[in-house]
Amino acid sequence: MDFSADASAALFERIRLGDAAAEEELVQSFGGRVFAMAVARTRDREASRDLVQDVLWAVVQALRGGQLRAPDKLAAFVSGTARNLINNYCRTRTRALPDVHHAPVSSMADASQMVEDQQRALRVRRAVSELESDDRRILMLTLVDGLTPGEIASRLRLSPDVVRQRKSRAIKKVIAMLAERSRP
Amino acid sequence: MTEPTAHRDPGAMDCARVVRDEVTEQYVSGRLSEVDQAAFEQHYFQCARCFEELRVYRLLRTELEHTAASERPLPRRFRRPWFWSLAAAAVLVASVLTWRQVRISELPTPGVSSPAQPTEQARVVSLEELSAVTPPPYQAVTLRSTPDAATRRFREAMVHYQRGDYTGSAQRLTEAAKLDASQPHTHFYLGASHLLSGNADEAINALQAAIKLGESGYLEESHFYLAKAFLRKRQVDEARAELLKTVALKGDRERDARTLLEALDALRRTGAEIR
């Protein structure tokens with residue numbers, strides 16, 4: 001879901017008025033994004049799960065209290081709140097909100113989203129196993145080892161352009177396989 | 001012609017720049033500057049297309065990390081023959097020293113009579129120990145929408161489960177499964193509850209039902225716990241088959257399954273009475 005100014009303002013207003021379904025929409029829309037940011041910055045999936053709860057709890061509290069100055073910029077508000085709490089965690093390695101039961105929203109994880117992610121992970125696994133070994137190696141060196149095409153090229157004795165082409169082809173193949181397998 | 005905003009402002013991000021500069025790939029592999037990282041994060045919080053691409057890249061990276069761990073050859077220094085000779089010698093020396101330590105500790109202390117001690121030997125884990133089960137964790141999810149009858153029953157059951165009342169959870173999960181047989185999590189936790197309350201046959205039925213529902217977040221766990229259920233009934237061949245399926249799924253249980261398979265092989269080598 002893309003967040004236009006109107007959609008943001010409308011969602012904010014619904015939450016401010018106590019609409020439970022609107023809070024769930026917020027969780028569904030941003031839970032995954034907050035988790036992605038937390039994992040990228042902390043490299044710790046377990047801590048990231050807790051941080052998602054903290055961030056969304058803080059956001060919901062702020063919205064319930066009508067504390068969003070620019071209702072049309074909801075996404076920016078959530079990402080900014082997330083960045084602050086995650087960076088604070090990274091600096092101090094403690095959560096801003098320790099183990100408090102955030103009742104009535106005690107766990108902000110969306111169960112159906114988690115199951116869907118697990119199913120997609122299985123499909124990615126199958127797709128990766130079907131790649132040619134050289135293509136898989138190029139992806140590994142890129143995404144896991146963080147090497148540039150030039151560095152990979154010199155390691156594999158290929159040209160950087162060939163590395164780029166094969167990498168791009170491999171990623172497109174994985175995406176195509178994912179799309180194919182997700183069709184009912 | 002005016003330059004696009006993204007070129008003038010190094011922190012600005014739009015879909016065109018994400019594609020052109022391979023931003024998603026750099027983000028996932030940790031190569032973005034702090035400025036660009038913040039800009040990309042702000043972008044994907046608003047952009048469904050870029051967030052979807054990020055999800056795929058993240059799944060891909062996770063899978064490649066697992067593959068790298070199993071596929072990568074040993075570092076060069078470990079591949080040389082002299083290294084292994086040195087390593088073998090080190091193991092031999094350590095064994096001799098340990099043996100001597102054991103022998104010294106076995107010597108009677110002057111003035112103190114001690115009962116005869118059995119010789120220390122490697123202990124092979126029994127089938128009963130291999131079939132021991134720890135409760136698979138469950139995290140309650142509180143959603144504000146109105147749950148249907150099956151979900152309500154499931155949640156009631158899991159309250160009992162979290163208290164350790166597996167008989168109670170099994171009873172309620174059976175009812176939940178009758179209300180809605182299409183939920184893998186219901187069958188999985190029903191299987192776990194039966195196993196934890198000592199009902200291996202019912203556990204097998206429930207876990208097989210979860211597996212029959214196909215790919216789900218519970219598929220790997222179901223195969224693993226099904227193996228445990230078969231071990232409980234001393235059906236080792238069936239257990240092995242389920243452990244091999246668990247390994248093939250290359251998930252979080254792969255290592256546990258491999259460890260169990262090795263233990264079963266060790267048990268077989270002792271000539272113990274197992275099928």
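The side chains of Glu41(B) and Arg83(A) meet in a salt bridge, with N and O 3.7 Å apart, where a salt bridge is a side-chain nitrogen of Lys or Arg within 4 Å of a carboxyl oxygen of Asp or Glu. Glu41(B) lies in helix H4 of chain B and Arg83(A) in helix H4 of chain A, so the pair joins two chains. This is a predicted model, in which local features need pLDDT of at least 70 and side-chain atom pairs count only at pLDDT 80 or more, while totals for chains, interfaces and linings use all residues. Residues are numbered from 1 along each chain as its sequence is written, chains are lettered from A and ligands numbered from 1 in the order in which they are written, and side-chain values use heavy atoms, with hydrogens and water left out.

**The interface of chain A and chain B**

- In chain A, 61 residues are in contact with 51 residues of chain B, contact being defined as heavy atoms within 4.5 Å.
- The two chains bury about 4900 Å² between them, and carbon and sulfur atoms give 55% of that area; buried area here is the accessible area (1.4 Å probe) that two parts lose on being put together, summed over both.
- On the side of chain A, the residues that lose the most area to chain B are Arg33(A), Arg125(A) and Leu143(A), which together make up 15% of what that side buries.
- Across this interface the rule finds 6 salt bridges, and one of the salt bridges in the model links Glu63(B) with Arg125(A), whose closest N and O atoms are 3.1 Å apart.
- By class, the side of chain A that touches chain B has 32 nonpolar, 11 polar and 18 charged residues, with Ala, Val, Leu, Ile, Met, Phe, Trp, Tyr, Cys and Pro counted as nonpolar, Asp, Glu, Lys and Arg as charged, and the others, Gly among them, as polar.

**Around helix H4 of chain B**

- Ala38(B) lies in helix H4 (residues 34–44) of chain B and is buried, with a relative accessible area of 18%.
- Not counting residues up to four places away in sequence, Ala38(B) touches Arg41(A) and Arg83(A).
- Ala38(B) and Met13(B) are 25 residues apart in sequence, and their C-alpha atoms are 9.5 Å apart in space.

**Salt bridges within each chain**

- Over all chains, a search of the whole structure finds 33 salt bridges.
- In chain A, Asp135(A) forms a salt bridge with Arg169(A), the closest N and O atoms being 3.0 Å apart; Asp135(A) lies in helix H6 and Arg169(A) in helix H8 of chain A, so the pair ties together parts that are 34 residues apart in sequence.
- Asp135(A) is buried, with a relative accessible area of 0%, whereas Arg169(A) counts as partly exposed at 40%.
- Both residues belong to a network of salt bridges that links Glu132(A), Asp134(A), Asp135(A), Arg166(A) and Arg169(A).
- In chain B, the side chains of Arg253(B) and Glu221(B) meet in a salt bridge (2.9 Å, N to O), and both residues are buried.

**Chain B as a whole**

- Chain B has 14 helices and 0 strands, and 40% of its 275 residues count as buried.
- Glu242(B) lies in helix H13 of chain B and is buried, with a relative accessible area of 8%.

Methods
Helices (H or I, at least four residues) and strands (E, at least two) are DSSP runs, numbered from the N terminus. Buried means under 20% relative accessible area, exposed over 50%, partly exposed in between (1.4 Å probe, protein chains only).
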